[in-house]
Amino acid sequence: MAGIKALVGLSFSGAIGLTLLLLSCALEQYGVYWPLFVLFFYVLAPIPTFISRRLSDDSDVASNACRELAYFLTTGIVVSAFALPIIMARRAVIQLGACGLVMAGNIVIFLTILGFFLGFGGGDDFS
């Protein structure tokens, strides 16, 4: 039953994050849809971790090169997701209020992705 509650909580927080992102685009005073390019980073962020968990062996080694590379690539993707709206705001492509909403949405979405990996990424129940 705890898995269902965690899944509902994660979906609710994901919906809040996407709402913040859509508000940064759709509010009348902002009116541009350039912040939606952050969606690419939301899709790309978990991919290195999925690949490394699939390819790496499950030994209890303190450091695994494949997993460390996946963490490095994921960190680069997350930093890029935060940098893109800042660069767009500095170049006056979007307004600062829209940048703030995108930043808030980024925080919520990436915490949701982290919560998914912490809650459901431990492996299957058959091993």
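Read along the sequence, the pattern is α-α-α-α-α. The model is a predicted one, in which local features need pLDDT of at least 70 and side-chain atom pairs count only at pLDDT 80 or more, while totals for chains, interfaces and linings use all residues. Residues are numbered from 1 along each chain as its sequence is written, and side-chain values use heavy atoms, with hydrogens and water left out.

The accessible surface of the chain comes to about 8400 Å², of which 71% belongs to carbon and sulfur atoms; accessible areas come from the Shrake-Rupley method with a 1.4 Å probe, and for residues only the protein chains shown count as cover. Of the 127 residues, 31% count as buried, which is to say under 20% relative accessible area, with exposed meaning over 50% and partly exposed in between (1.4 Å probe, protein chains only).

Now select Trp34, Phe37, Phe40, Val43, Leu44, Ile47, Ile51, Leu55 and Val93, which form a nonpolar patch on the surface with about 860 Å² of accessible area together. Such patches are made of residues with over 30% relative accessible area and no salt bridge, nonpolar side chains (Val, Leu, Ile, Met, Phe, Trp, Tyr) being joined within 5 Å and like charges within 9 Å; a salt bridge is a side-chain nitrogen of Lys or Arg within 4 Å of a carboxyl oxygen of Asp or Glu. Helix H2 (38–44) and helix H3 (47–55) are the elements that give two or more residues to the patch. Leu44, which lies in helix H2, is partly exposed because its relative accessible area is 41%.

Rings of Phe, Tyr and Trp (its six-membered ring) pair if their centres lie within 6.5 Å, and planes under 30 degrees apart count as stacked, over 60 as edge-to-face and the rest as tilted. Trp34 and Phe37 are stacked, because their centres are 5.6 Å apart and their planes stand at 20 degrees.

Select Tyr42 and Phe110 next: this pair is edge-to-face, with 5.5 Å from centre to centre and 80 degrees between the planes. Tyr42 in helix H2 and Phe110 in helix H5 (residues 96–120) are 68 residues apart, so that the pair links distant parts of the chain. Both Tyr42 and Phe110 are buried.

Finish at Phe50, Phe116, Phe117 and Phe120, which ring pairs link into a cluster.

Terms used:
Helix = DSSP H or I, 4+ residues; strand = E, 2+ residues; numbered from the N terminus.
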